[in-house]
Amino acid sequence: MESSRIQASALIVREYQDDYSNWNADMSLADYLKASNVMGIDELDTRALTLHLRNRGAMRGIISTDITNPDALVAKAKNLPSMEGCDLASAVTTEKAYRLVKDIPIFIQEPLSNDLFTARGEKKSVVAFDFGIKFNIIRLLEASGCEVIVVPATTPADVVKAMNPDGIFLSNGPGDPEPVIYAVETVKALIGFRPIFGICLGHQIMSIALGGQTYKLKFGHRGGNQPVQNKVTNKVEITSQNHGFAADMESLSDSDVEISHINLNDGTVEGLRHRVHPVLSVQYHPEASPGPNDAQYLFDEFVSMMEHFTG
Amino acid sequence: MPKRTDIKKILIIGAGPIIISQACEFDYSGTQACKALREEGYEVVLVNSNPATIMTDPETADRTYIEPVTPEAVAKIIEKERPCAILPTLGGQTGLNTAIAVAEMGILEKYGVEMIGADVATIKKAEDRELFRDAMNKIGLNIPRSGFATNLDEVKQVSDEIGFPIIVRPSFTLGGTGGGVAYNPEELESFCKAGLEASLNTQVMLEQSVLGWKEYELEVVRDKADNVVIICSIENLDAMGVHTGDSITVAPAQTLSDKEYQQLRNASIAILREIGVETGGSNVQFAINPADGEMIVVEMNPRVSRSSALASKATGYPIAKIAAKLAVGYTLDELKNDITGETLAAFEPTLDYCVVKIPRWTFEKFPETEDYLTTAMKSVGETMSIGRTFTEALQKAVRSLEIGRFGLGSDGREVDNLSKTDIEHHLVTPNSHRLFYLRQAMKAGISLEAIHEMTKVDPWFLHQIKRICDMEERVRVAGKGIDADLLKRAKANGFSDVQIGVLTGTDEEWARKRRYELGIKPVYKLVDTCAAEFEAATPYYYSTYEEECEARVSDNKKVIILGGGPNRIGQGIEFDYCCVHASFALREEGVESIMVNSNPETVSTDYDTSDKLYFEPLTKEDVLHIVEKEKPFGVIVQFGGQTPLNLARELKAAGVPIIGTQPESIHRAEDRDEFQGMLKKLGLTQPESGIAMNYDEALIEARRIGYPVMVRPSYVLGGRAMRVVYSEGDLEGFIYEAMEASPGHPVLIDKFLEDAVELDVDAISDGKKTIIAGVMQHIEEAGIHSGDSACVLPPMSIANRLMDEIHDATRAMAKELGVVGLMNVQYAIKDNRLYIIEVNPRASRTVPFVSKATGIQFAKLATKVMLGKTLSEVGLETEFVPTHISVKEAVMPFDRFPHVDTLLGPEMKSTGEVMGISDDFGMAYAKAQIGSGDDLPTEGTVFISVKEGDKGQMLPTASLFKALGFTIMATSGTSDFLKKNGVANVLVNKVSVGRPHVVDAIKNNEIQLVINTPSGTSETTHDGYKIRRAALKYKVPFATTLTGAMAVARAIARLKEESFDVKALQDYFV
């Protein structure tokens, strides 16, 4: 499990299999969707749908069991709010800070402070901003020797500073980064304070905080086979991706920002560093789950950044 | 990193003849590599003994050596060509082994040749069991626990370490004989006793049994910058215990969770790094315990393989081409993905469809061997199909198999009401029909749990087959009233019109009409490596039943080429060669070429061979759909062997424009009465013949014709159930066998022309003029299937008058049949008379051989002729008879089939062929023998044992061997005869007389060559059988015909004069 609930609004597949077979399975997909009250459709020409999105670009969609008139549905879909300009992170972020214990968030009742980290010295203390965080990020941070406290997206910079962590993590999350102004401001205030590691939306927020801009990709990067080249080593890593917006390379070109990773399919920005400040962010998902594990080294780099940070 | 400029000339080693486990996938990979390297400006030198390959076309490489793929020959080529580098990873296991041997001979070092792709240390680390185990342990991976034992004490010791159940594998046996799975010490002892006895070096390997575990393969590509990508995951439907080449496989893997898949992916990458495969493609096999997900590594191949060919076709990612470019220094991010034309080769393909491969077996050719599947591969080919769902792909694959089936059951060809015991037996013991028994078991009400227990086939697959069964019932219940929704669902589950016809109590035509009335037609989707993420530049299609069709139909003049389907004995790579040439010719003529085929191993199904590729079953239904979509100018049916020919008449009747020789002419040559009428009209002679519907009629006919007679069923391929009958006593059994092979059809009885010389003639005609492409004289006498006989071009001993007659007869028949394109005639000459045995107005198996021997691409020219050009317009004015001698030799699969006799007969059994070229017959024949794997001795002892009637004719051969300094050894009858005729010899006991006997002598390495002609009976208890099997097992070359023995003697005579020389094909035609 990567979060406490299904995040997608619906699931569309070409062919649904009710008869699962895996030693580790205990429920069918349909039962799981039902239990979460999420709609599923099968027997759709999903390839045709993909081609449609590829040619026309990502768009709003609607699925209905009530209205069967296509025109009425299209009209309704057009009235749905566009993802562009919409702050979805605040809708999915945690209300309270928590620690993840055995995949269950244990909420922190006391005020956020310096005392919350219990393994200082032994482990690197990390404050993780939740814009829609995947649990596997927390697991991998912990596996790399970190103690993680997840905080709401709107947590102000001075609160983070008061917590006195060794590093700050900016999580993935849905939607357009531009309207997440509060987070951008927070990040601006934290750059240079401690090493920061951002993934996906966290990376986009970092880009804006460093003076860049983001834009909407035609149909985004999706799937577990996206090739990314590390510009430092020139090595290619196969990555898991799911994003519709990207950082604009031009907008970052004059700053102290260094493009550390690019997407080999379309040459877009996949990662950045800062020449002065300890900042590391990637557009893709090094935590995989699902997807390939090629980029897990980034968690170690973050830890190493924290170890070498002298303020 | 850009390509290397310090190397200019690269030697590629091919895989040699088609054998079981090494089929035309290596022509596909080798051809891709040659093209890829030449595209980069490297000079490519190629060695391969197989003339039926595209890679040995003189245009494919710069320097082409059709020479034996042996260390000696390769050493000579290196000495002559001085390549900078050798690429050993594209020619299968043969290529790899040969390269290692050449390296160990010191040749590479001597001439400064670098091994690229994989070096010797890497190859050894992957291939040597101990080194591999150490390597795997080092990176924390497990392989099955195993150990060797040479006696029962050691067996005990090793088995204690492994734990039961244990797999016993005798080292160096034929076709995996003598092994088994032991569940307790008692069984272990019994298996080991048998295994030690069967093993050439008295050794057995004991291995932890992972039978029943799930089996997976990952195809991996790595470059020298250490970038690694997984091209494809493949899951075996058959659990561990059945060789992956004999398993039904599915891509991508279907029953793994993401976590499990990533575990395999990580392990594969770690393995490539640890083994040290610097660049190129590799294949890693895993077993997973279905109970708890435990993973072990089964093996890895540091080269392109059968599976990588499958993975390339399944994904569109050209592994061999990329591997070749990586070997010369490129990295993955520097190479383009040809399919999209935009993105790079550094990515992992995504499949939005399901691919199923089913192996093609030919157990019917080897009745002495039981139809069991084990860890030793027995299939001779495979078919692949693509569908949007597993059920669709599975049923399409079944109807691509060319076994007369139109889906998984309910196609009117199913044996019903099988007993439960029979079904269960076929479930428990893997066999070539097990897939059909899975369905039978469900029909018989056996629970899926029980079926899983018996087969270990994953429940997921069983549920899929259950879906097919359920759909079958729904269609049956609906009957003629079937509605659009159900019909479309049935089609989407892969049901053919034949099946729907059977299920609705109608027929294929009705089903088709009904479907069209309801507007249900297939759409075509693209194989694009990326699940529609990017636009695809290459049109590679498969059919399915969905909404959107992606076929881009042009207004160009276009021609559809129907391919040959899966390789099987009697129809192999030769026909794919012709189809590929047709495609090349169309391109040269500016005509759009469209290939239809279902064989993933071939060059014809490479995405850039034709302008368009439809990866589809070759059935009437599937072909008509494509024809309707594309509306071609013409369809070529004469190149793909029997598969498209069988469709020709139906296609024409449905209004499809067949170009070249018309189906009526093909029929006229096949129909007995029409054919006889034609010969009579032309004044040509056929051996006396008759037909019989039962034994009594056969008896009368045989008497009228006079013994010996050739008995054969009608309407079968490759000489199935064909026999020479010498006396009335033998007739009955063979007649019944022939009637069984083709029920309801007459048995054909022909006069057998004993000791006649047989000839194969290929010709090309434009409808007006006919030119002989090549006349080939068979080495073996009449009665041996032309596909199994060695032959020589030009012929050696045919009088001019008869050659003239052959030319006249060929021209007359071509004219009479209206041949436009290629034609093959088989003649026999007895007592200076010419007999017509058979005429096939289509491309024959020998077309590639003739083309290589003459340097003329006949299949290409024939294609242009079919488009309407005359022979002179395509530049062919007269017959060309080369001055050099070319010999073709067949390669037999006997070592794969326990208990099978090694005799040649009228039923074809060979899987492939090799070619030997030289300036004289002896040397050309010697090269062909060496190429086929026979190490001809130049000294030692020749054992001779021939049947009574052969003794006189054997004398010159025996004398020649004597003159060559060989010791002659013989059993009593032959020995006496030889002595009487002045040939000194050593007497040895027959097996039936007592020990030490001839088989002991073979085992003791006292015999270097065996000449043994059959005595007529096929008893496996017979001495001759034991001698031949012993020779096979101990790899002693043997001849089973007198003419073959004489040819061997002449070859050895030449080898004693000088060792063979190597010469590039390009130098024969300067």
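Modeller: This is a predicted model. In chain A, four residues of domain 1 are in contact with four residues of domain 2. On the side of domain 1 that touches domain 2, two residues are nonpolar, one is polar and one is charged.

Biologist: What are the bounds of domain 1 and domain 2 of chain A?

Modeller: The domain assignment places domain 1 at 10-78 and domain 2 at 89-308. Their C-alpha centres lie 30 Å apart.

Biologist: Which residues of α15(B) and α16(B) meet?

Modeller: From α15(B), B:L448, B:I451 and B:H452 meet B:P459, B:L462, B:H463 and B:K466 of α16(B). By class, this contact has four nonpolar, two polar and one charged residues.

Biologist: How many residues of chain B are in contact with chain A?

Modeller: Chain B has 36 residues in contact with 27 residues of chain A. Both α9 (258-275) and α16 of chain B supply at least two residues each to the side that touches chain A. The largest share, four residues, comes from α9(B).

Biologist: What classes of residue make up the side of chain B that touches chain A?

Modeller: That side has twelve nonpolar, ten polar and 14 charged residues.

Technical notes. Residues numbered from 1 in each chain as written. Chains lettered and ligands numbered in written order. Predicted model: local features only at pLDDT ≥ 70, side-chain atom pairs only at ≥ 80, totals over all residues. Contact = placed C-beta atoms within 7 Å. Nonpolar A, V, L, I, M, F, W, Y, C, P; charged D, E, K, R; others polar. Domains from an automatic or database assignment.
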